[in-house]
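Me: Got a model I'd like to walk through with you. Can you take a look?
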Amino acid sequence: MISTETDILRAAEEWAASGRGVAIATVVETWGSAPRPVGSHLVIDGEGNFLGSVSGGCVEGAVVAEAADVIADGRPRTLEFGVADEAAWKVGLSCGGRIKVYVEPVRAEAAR
């Protein structure tokens, strides 16, 4: 089991170096109740495999889906989830918290 942020980042490097399309999601801001702290990572490959955590439940599903677009077009995105947002209820942040997640591609040359 991958259990540390260092292991997750190492996996991102290894996946990219092996030729897989890879994106990494990082919690960059939280407000109120949030399941994971700032700096938490989720690494996702082009086939939808992932390691780590940026939240839980459906939020991670939404981040994985958005990561597929980041891998495809190479453009980073900032995602926000929170209780004031209709999407928050759909993805499970009805606890009153808000999180901001930055999703960026991992380039093979940057992984070396």
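Reply: Terms before anything else: two strands pair if DSSP finds at least two bridges between them. Helices (H or I, at least four residues) and strands (E, at least two) are DSSP runs, numbered from the N terminus. This is a predicted model, where local features need pLDDT of at least 70, side-chain atom pairs count only at pLDDT 80 or more, and totals for chains, interfaces and linings use all residues. Residues are numbered from 1 along each chain as its sequence is written, and side-chain values use heavy atoms, with hydrogens and water left out.
Me: OK, how many bridges join β1 to β5?
Reply: Nine, and the two strands run antiparallel. Thr-30 sits opposite Ile-99 of β5.
Me: And what about β4 and β5?
Reply: Antiparallel, joined by six bridges. Gly-82 has Arg-98 in β5 as its bridge partner.
Me: What comes after α2?
Reply: Gly-74, with a positive phi near 75°.
Me: Which residues does Val-54 touch?
Reply: Leaving aside neighbours within four places in sequence, Val-54 is in contact (heavy atoms within 4.5 Å) with residues including Ala-25, Leu-42, Glu-60, Val-63 and Val-101.
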